Amino acid sequence: MASNPSETSTGRWLDRWPLLVPLLTAAGFLGLFQAAFLLWSLESMGGGLEMALGVTRFGIIVGVLTLLLLVPAALLIRRFHPAWRRGERHRASWSACFAPAASVAGWILADQWVAGPWVAAALEPWVEAASALACGLAAMWVQPPRRWLRAGAVATLLAILSSLLPVGGPPPAPEGGEPAADVDVGAGGAGRPDVVLVSIDTLRADRLAAYGRVPTLTPEMDRLAGEGVVFTRALAASPWTTPSVASMLTGLPALRHGAGRPLGSGPTFQRSPLEGDLTTLAERFAAVGYRTRAVVANGFLSPWTGMAQGFEEFANPILKAGFASFMRDLPLTRLIVALTPAESWGDYRAEGITDQALTWLAEDDDGPLFLWVHYIDPHSPFQADPARLDPSVLIEMANQKQPEVLADGTVVGEIFVATDLVRSGTLWLGPRDRARLEEYYDRAVHYTDEHVGRLFAALRERSGERPAVAALTSDHGEEFWDHGHFEHGHDYYREVTQVPLLVWGPGLVPAGQVEGGLVGLVDVGPTLLDLAGIEVSEPAAADEGRSLAPLWQGAADGEKRPALPRFAGGNLYNLPAALVEDGPWRFLLRANDREELYDMNRDPEERYNVAGDFPEVAERYRRLLEPRLAAFLVDDAGNKPAELSPDELRALKALGYVD
Ligand SMILES: [Zn+2]
């Protein structure tokens with residue numbers, strides 16, 4: 001036996017607790033194994049250290065719970081273990097604990113492997129069982145030195161203790177917090193209106209009655225449009241979420257704020273975050289005493305993409321629900337998740353988002369509130385019942401498979417997740433399926449409208465004692481084969497890049513006014529700051545956002561804001577491109593050098609590319625877009641957003657935008 005003192009004391013410890021030490025060590029192994037597996041699954045979400053800690057903690061808790069469930073099995077295995085009969089109690093105990101743990105790990109590995117295309121569905125359970133058995137039997141023969149076992153037990157104990165500490169969870173506190181130099185800090189928050197920014201993901205402008213929809217899907221937003229100003233020509237900053245929302249929050253065009261750029265060899269969805277040194281809308285409101293709150297539902301809107309910058313409280317229930325759905329992908333946690341009510345993982349439907357917003361509106365506080373509310377409902381997956389909450393749909397979205405053909409020959413059932421397959425051309429949809437998807441989309445828009453209505457009912461109710469202003473918009477639209485394609489993130493026609501924009505504020509914004517001039521998502525933030533009486537300096541360039549209030553105020557003075565071009569760029573799939581909309585023109589330059597020019601007065605549906613008919617117009621815009629497109633094509637992390645180059649400045653001067 002061992003001769004040195006520490007080995008002897010270990011031996012005594014092991015003698016006193018023959019099952020505890022191996023049980024703890026095996027639990028630690030299983031916990032770390034699950035955590036590593038989860039981290040690997042979540043990698044494409046770009047989690048960061050905080051998520052890694054949270055996942056590791058969860059993995060350890062699951063490991064411990066599993067081992068508790070396996071105690072009876074361990075006792076049974078040990079009873080019949082040959083080493084136990086020989087009197088080698090420690091050896092038998094370790095084998096009895098490690099074998100079930102290794103067996104579970106073998107099952108998890110096989111479960112992941114059979115999910116691929118290599119194993120026939122009928123064989124899957126057999127492959128999983130064989131893998132579990134093989135790993136379990138192999139583990140019986142593994143016998144590490146006792147000091148390793150003791151170290152493993154101590155480490156697991158420490159991990160369990162630390163996982164009980166309140167670490168992680170809420171996003172990091174807002175960084176910087178330094179007021180921008182041009183903000184009037186001295187004024188304080190007193191007397192300022194509450195400011196609410198509502199963005200509805202993937203909402204096409206033409207689904208609102210104010211933009212021509214008949215019959216209406218959106219009675220609540222129609223009412224809002226009647227009480228405020230409608231901008232009929234608002235350009236998104238990008239055809240997908242991250243760059244477009246970042247433009248809304250910074251007032252900078254997508255090709256200059258740095259968010260959403262490809263990151264070298266990273267996965268498609270891992271993109272550059274908002275650059276931390278930019279001042280966000282929330283930081284500007286916080287600097288004059290606003291309480292800042294955000295409740296958002298979209299995986300791209302997180303502290304890790306910089307979207308929480310400046311918010312004291314930032315809730316994203318879809319991230320939590322997504323986490324639950326990844327859990328469900330593991331055999332052990334499937335049971336735990338199934339026993340937990342879906343709402344407790346995060347209600348990311350419009351109903352849950354509005355509930356959270358109303359909770360913050362009801363806070364008993366004198367200071368004014370800046371509230372950002374981002375709904376996800378019109379976005380895929382497409383559901384027959386938009387009110388249905390089922391986080392497991394999120395994991396189906398992440399692991400899309402060919403859908404089953406239904407009895408009537410269609411493939412769009414109650415829930416349709418296979419959007420990637422359709423977009424990439426792997427799955428072709430017939431007219432009935434296409435119509436069904438559009439029907440589900442419309443239902444989601446109608447459902448969202450109902451809960452937007454609840455939010456504004458609360459704002460109206462208290463408008464007597466607390467003035468409020470709001471903007472309602474979208475980050476981008478959605479394609480339903482308008483130009484032959486589906487979904488969003490890859491093209492720039494109006495069904496994707498024209499967004500609704502309503503500005504509302506009883507007593508502060510005129511009712512029932514319609515503005516037809518070109519504006520952009522970049523203008524939303526400066527407009528809200530202006531309405532709150534917060535002074536912001538003139539933008540440094542013509543493409544940066546500026547307040548839209550002079551448009552309706554100027555209507556009274558007979559003096560209009562000068563018309564300015566608005567830009568969109570950056571995409572999630574396929575070929576990058578940059579777009580400028582200016583006066584009657586819409587000009588698109590793709591990375592393969594193809595250019596498209598449309599006259600929006602004569603051809604609002606963008607059917608006839610007239611770049612060849614107006615070569616001088618096309619050339620003018622090409623010179624303006626080339627440097628922007630080049631800036632987006634730079635794919636290394638850490639690159640600064642492009643400044644206006646001398647060429648671009650010359651082009652802007654030639655167009656009369658810069659003196
Ligand atoms: Zn979006």
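How many of the seven residues of strand S11 are buried? Seven of the seven. Strand S11 covers residues 498–504, and with that count it is largely enclosed by the rest of the structure. One caution before I go on: this is a predicted model.

Let me stay with S11. Its side chains point two ways. Gln 498, Pro 500, Leu 502 and Trp 504 point one way. Val 499, Leu 501 and Val 503 point the other way. Both sets are buried.

Now its partners. Strand S2, residues 229–235, pairs with S11 in the antiparallel sense. That pairing runs over five bridges. In it, Val 229 stands opposite Val 503 of S11. Strand S8, residues 468–473, is also joined to S11. Here there are four bridges, and again the strands run antiparallel. Ala 470 stands opposite Trp 504 of S11.

Next, the cores. In soluble globular proteins, nonpolar side chains tend to be buried together. The largest nonpolar core in this model has 128 residues. Which of them touch the most other members? They are Val 196, Val 373, Val 469, Ala 470, Ala 471, Leu 502 and Leu 528. You have met two of these already. Leu 502 is in S11, and Ala 470 stands opposite Trp 504.

Which helix gives this core its largest share? Helix H17, residues 431–461, with 10 residues. Domain 2 is 185–533 + 561–574, and domain 3 is 575–659. Each of them supplies at least three residues.

Take Leu 528 as a close-up. Leave out residues up to four places away in sequence, and Leu 528 touches Val 195, Leu 197, Val 469 and Ala 471. Val 469 and Ala 471 are also on the list of core members that touch the most others.

Now the backbone. Two cis peptide bonds to look at. One runs from Val 214 to Pro 215, with omega near -10 degrees. Where is Pro 215? In the loop between strand S1 (194–200) and helix H8 (219–227). The other runs from Ser 380 to Pro 381, with omega near 5 degrees. Pro 381 is in the loop between strand S5 (369–375) and strand S6 (382–383).

Two residues other than glycine have positive phi. For Trp 481, phi is near 65 degrees. Trp 481 lies in the loop between strand S9 (479–480) and strand S10 (486–487). Trp 481 counts as partly exposed because it has 14 C-beta neighbours inside 10 Å. For Glu 606, phi is near 55 degrees. Glu 606 lies in the loop between strand S16 (595–599) and helix H21 (615–633).

Last, the whole chain. The secondary structure comes to 22 helices and 16 strands. The chain has 659 residues, and 47% of them count as buried. Then the contacts. Take those with a separation of 6 or more: 69% of them are between residues 24 or more positions apart.

If you open one thing on screen, open S11. Find S2 with its five bridges, then S8 with its four. Then go to Leu 528 and follow its contacts to Val 469 and Ala 471.

Methods. Residues are numbered from 1 along each chain as its sequence is written. This is a predicted model: local features need pLDDT of at least 70, side-chain atom pairs count only at pLDDT 80 or more; totals for chains, interfaces and linings use all residues. A residue is buried if 20 or more other C-beta atoms lie within 10 Å of its own, exposed if 12 or fewer, and partly exposed in between; C-beta atoms are placed from the backbone. Two strands pair if DSSP finds at least two bridges between them. A nonpolar core is a set of buried Ala, Val, Leu, Ile, Met, Phe, Trp, Tyr and Cys residues joined through C-beta atoms within 7 Å. Domain bounds come from an automatic or database domain assignment. Two residues are in contact if their C-beta atoms, placed from the backbone, lie within 7 Å.
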